Amino acid sequence: MSHADVLIPPQPAPKNLEKPMTLARFTGCVVVGLWIVLAVALVAMIITGWDIEKFTRYGPRYLHGLMTTITLVAVSVVCGAVLSLPLAFARMSKNKIIGGLAFAYVYVFRGTPLLAQLFLIYYGLGQFRPQLEAVGLWWFFRDAWYCGLFSMTINTAAYQAEILRGAIESVPRGQHEAAASLGIHKAIAFRKIVLPQALIVALRPYGNEIILLIKGSAVVAIITILDLMGETRYAFSRTFDYQTYLWAAIFYLAMVEALRHLWDWIERRLTRHLKR
Amino acid sequence: MGGLFSALGSLWAWIGYVFDPLCGPVGIFTWLGQSTILACGDTGWGDEIAAGLKVTVGVALVTLPIGLLIGFLVALGQQSEEKSVRLAAGIYTTIFRGLPELLTLFIIYYGMQILIQSVLAWVGYDGRVEINAFFSGVIALSVVFSAYCSEVLLSAFRAIPKGQYEAGDALGLHRGRTMLLIILPQLIRVALPGLVNLWMILLKDTSYVSIIGLADVLRQTGVAVKVTKEAFLFYTLACGIYLGLAIISSFGLRYIERWARRSEIRR
């Protein structure tokens, strides 16, 4: 029988091993430091350059521009969604002419920059003033606001049609067949069986499309619409103060980040039943 | 030496002329628009638009490698084991994916001007600094491109199994060699569809540089419109040129995609 008759004396706790300073760690610290310096510089610039007169003059204009941007995006997203539905069906149609036309529409509007489309609609169609007046549409194409809205709508309709088509085609064929074998009418099967499944697939691309549209909407400032970017350009042209752009950046970032988090929440909520 | 440079310069000009799709010997405007408003030379706007096309393509082609390189580094940072590196890379992509391209362009264009001016004033030089629009356009576009590119590359990195790195270690390859010989070839194949998409977006985004005064397609057509008042014709032409670029590059990219997949085909 052996037993311990000497207790091991108490030992000090092992030393905390310091993490070695690797190159990656060093770079990371430097870059984070750089970001912190930039953030501090931003805050310092806002504090030192604070001018109550500028704030009272341009603050409300910024808020108004923000509202303009949000309205523009919201209306064009909704109108584009309405327009995209027949477009997506035309794209999936078995008729070659209809399918080809829808394909051409989508290809043209996805292949050209929004800025060029905007110029084409605002300046290009202005050339046909007599004809447009005869049809009674001149009031629409005379106004920069309507032109911006129109070009954003037809642009996003092309993108949304592709999203919708992809989502509808991602629903397995068996779902259609199951509905048919149950004797459900095609339209009802589409509305109650296919579309709900397709929209869950389409949720994330839709969110991305709205974010892209918010960012793209800055372009309408070029045709004199006073959206957030337009107000920023106005304020910069009056004050030559670099801060004006930084404020716009803060507003845009806040908008996009808020939408992103909202979309994450919606997606989590709507896909609860798919979680294993 | 000067003679050599001038010879190279004239050779470059000759190449630019011969392969010009609009105003070259086999250009569209040379053949179809000789006596119209689109003629090449002093009578029409063909040559101006052709010069704009070169600027547009140039901006896109210069931006691409810079953006890919920065995007690759940011993607590496995002999957780093170091928390600080991940944080820094995350801030970068969040900011530049959230800002409108136009605003990024303005911030970089005016910001660099102010920065350089204040540095020069600190040194003791008081003068107005005009920054090159091409330079700042390329920087702004490559920053935006790299932010999106890093996301594409990151998801491609995640598609590559860990065993591939371990296999590289087992063969005794240095980490850089593992990346270059084992990971990158697979990464390109996975990431190519996403990168193709980004290239198409980049081609369209180059239109923004016209706003800071760079004479690209849209700027040149805008000038033509101001003079001739033929807005519809010229802006349709601009849209057509962008569309043509998209179609041509989609054909080229299809070839590249087939090339990247050549090892998969026979399975």
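Relative accessible area was classed as buried under 20%, exposed over 50% and partly exposed in between (1.4 Å probe, protein chains only). The model is predicted: local features need pLDDT of at least 70, side-chain atom pairs count only at pLDDT 80 or more, and totals for chains, interfaces and linings use all residues. Residues are numbered from 1 along each chain as its sequence is written, chains are lettered from A and ligands numbered from 1 in the order in which they are written, and side-chain values use heavy atoms, with hydrogens and water left out.

Side chains of opposite charge can pair when their charged atoms come close. Over all chains, the structure holds 13 salt bridges (a side-chain nitrogen of Lys or Arg within 4 Å of a carboxyl oxygen of Asp or Glu).

Arg204(A) is partly exposed, at 36% relative accessibility. A salt bridge links Arg204(A) to Asp264(A), with the closest N and O atoms 2.7 Å apart. Arg204(A) lies in helix 9 (residues 186-216) and Asp264(A) in helix 11 (residues 243-270) of chain A, so this pair ties together parts 60 residues apart in sequence. Helices are DSSP runs (H or I, at least four residues), numbered from the N terminus. Asp264(A) is partly exposed, at 26%. Arg204(A) also forms a salt bridge with Glu267(A) (2.7 Å, N to O). Glu267(A) lies in helix 11 and Arg204(A) in helix 9, so the pair ties together parts 63 residues apart in sequence. Elsewhere, salt bridges that share partners join Arg91(A), Glu162(A), Arg165(A) and Glu169(A) into one network.

Glu53(A) and Arg57(A) form a salt bridge, their closest N and O atoms being 3.0 Å apart. The two residues are four apart in helix 2 (residues 52-92) of chain A, and therefore separated by about one helical turn. Glu53(A) is partly exposed at 45%, and Arg57(A) is partly exposed at 49%.
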